[in-house]
Amino acid sequence: MMLLHRSHLSLAISWWLLLVGRGLLPALLAVAMGTLIGAVERQSDLLAPLILLGSFFVLVQVLPPLHLVVSKNLGDHVACLLYDRLSETCIRPEGMGHLENSEATNDLAMARDFDLGISGPPLSLSMDFIASGLVELCAGLVACVILSAYAWWAPFVLGGAWISTHYLLRESGVWKDRNTEQVRNAQRHADYAYKIAVNPPASKEIRLFGLGSWIVDRFRTHRRQLHDLRWEATRLREQPVLWSLIVVLAANAIVFTVMAIDVASNQLGLDQMVIFASLAFTTSMIAFGGLSWALDNVSAPTGATMRLRNTMHKVGSLQNGVHTSDFQPAQDIRFQGVSFTYPTGNQPILEDFELTIPSGSSIAIVGQNGAGKTTLAKLLCRLYDPSQGSIQIDGIDLKEWDLTSWRNRITAIFQDFVRYELTLRDNVDPGRQASDEIILRALRNAGASELADLDTVLSKAYANGIDLSGGQWQRIALARTLCATYCGAGIVLLDEPTAQLDVRGEQEIFKRILLETRDITTILISHRFSTVRQVDHICVLENGRVMEQGSHDELMEQNGRYRTMFDLQASRFFTEDTGTTLDVLD
């Protein structure tokens, strides 16, 4: 509940005041009704009792819709607060291990999607459910207190009976259904099937391969499993229900029987009987209801968000050094005995890895999938730290560098580069550090000179927006990398930078990149040897270790692993009619 006040203090105060007011109204309405009946019996002036009763009646009609509006607004503010905290939780850690941690996956899914109406009502609706449940609880407790004016034992008998239903029906509490691995898996699979069905990226394959029925059936199966699991967790057990009925009926029978005897013996007047009988009925609002379910709907994502703060900070945080520099490495980048295993993995990806990259040179890292090439890129960007060994920059351990300073010195394009649904200018220069002239230069050298309107939004979802092909998007990502070098980056890391371009286009673009970064340390990860052979040095990586290294000509002369991979790829471009290889490999 502290989140209510932190999200919006004035709305939270209004919400609590309206809640208390609504909780008092049933008891006050019963007292006003009894007062009116007493005045009629005594033939007294009815104006004051009628005004009192009418006022409470109007409040009964007016307060609920007002409370609903406040609840919706407050729910929206709490949702914004939770999303803010989740965004901060995901972004603040210096590394990225927390985003690839399997232990946080379920909490992250719940915290991320809680307000989308997938796993439960949005918070704007849940707040009204919570308000209604708390109003009922408050009204029942107030009725119990006033009922003591009739007999001191009545609140204990009647109120105790209704409160006991919470214990007797505890097995039906919804909070139990969100803490099992089976339920969370069913939720995750159902949500994934739903997203595949409604999001555009998979639409082509769904239609081409006729997967529509399969996806719908998959969603229906997991969603049914989820409902069955929740029903199993929340359904009322026969024996507890029976005991609840016996206890509640017995308590009501005792109170109303004694009340009837008092009325028959004239010890209780008609006006008092109306008041206390109404209060006895109102006491039933204490009973087990939807409050626990509504609270669980809010507490589950809130708890997940709070747990993530500790989990993600612990897993994703990195040591921040103090060394800074405004210049590119002057000597070399050296991997010394580097070994690395992902936090949730069992096998090392890199093992005793040794490599020296002279400053200002270009080097290519080649090898089969899973050899550890992309992991090297992540370590160099300090998204992770080595499990053993060190990465030395001009003889200084990378851990001793200030993270911000180091990342300002390095730029990269990854295989899974981001396609920002923003303007062309923001895609090339997200940090808004470069002038339009520099951005246009980066686009030109990345082979995307046909895109010149920097204010064009790169998404069809927006008015006057445009869509790009995969190759065009990759050129935009390359332009982003070049723009960073023009703004001062001294290391360029290219992880499959031209995978969506044809071989000739890739060769042309990479020649331009090498020309633009000729004085900058350039590290290329690629499977295409037409690109690889253009660099100064080549490193063949296998099973997390360096198997061969040297220039293209040197490695070809060694007739080793590199030669085998090169010949295998070159054979795909061999023309049977001429018996020669195409110039893309010459």
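Modeller: Leaving aside neighbours within four places in sequence, Ser526 is in contact with Ile365, Val366, Glu496, Glu506, Thr531 and Val532, where contact means heavy atoms within 4.5 Å. The model is a predicted one, in which local features need pLDDT of at least 70 and side-chain atom pairs count only at pLDDT 80 or more, while totals for chains, interfaces and linings use all residues. Residues are numbered from 1 along each chain as its sequence is written, and side-chain values use heavy atoms, with hydrogens and water left out.

Ser526 lies in the loop between strand E8 (521-525) and helix H19 (529-532). Helices (H or I, at least four residues) and strands (E, at least two) are DSSP runs, numbered from the N terminus. With a relative accessible area of 1%, Ser526 is buried; buried means under 20% relative accessible area, exposed over 50%, and partly exposed in between, with a 1.4 Å probe and protein chains only.

Pro329 sits in the loop between helix H12 (291-316) and E1, and at 5% relative accessibility Pro329 counts as buried. Apart from residues up to four places away in sequence, Pro329 touches Ser359, Ile393, Asp394, Gly490 and Ile491. The C-alpha atom of Pro329 is separated by 73 Å from that of Gln61, which is 268 residues away along the chain.

The sheet itself is open and has four strands in the order E2-E1-E4-E5, with antiparallel pairing; two strands pair if DSSP finds at least two bridges between them. Strands E2 (350-358) and E5 (396-397) stand at the edges with a single partner strand each, so one side of each has no neighbour in the sheet. Helix H13 (residues 373-380) packs on this sheet and touches E1, E2 and strand E4 (388-393). The direction of H13 makes about 115 degrees with that of E1; axes are lines fitted to C-alpha atoms, for helices over the stretch in contact, and angles run from 0 to 180 degrees between N-to-C directions.

Within the sheet, strand E1 (residues 332-340) pairs with E2 over six bridges in the antiparallel sense, and Asp332 has Pro358 of E2 as a bridge partner. On the E4 side, five bridges join E1 to E4, again antiparallel, and Ile333 stands opposite Ile393 of E4. Ile393 is also among the residues that Pro329 touches.

E4 is in turn joined to E5 by two bridges, the two strands running antiparallel; here Gln392 has Asp397 of E5 as a bridge partner. The hairpin of E4 and E5 has two residues between the strands, and in it Asp394 takes a positive phi near 50 degrees. Asp394, like Ile393, is touched by Pro329.

Seven of the eight residues of H13 are buried, so H13 is largely enclosed by the rest of the structure. Those buried are Lys373, Thr375, Leu376, Ala377, Lys378, Leu379 and Leu380. Just after H13, Arg382 takes a positive phi of about 55 degrees.
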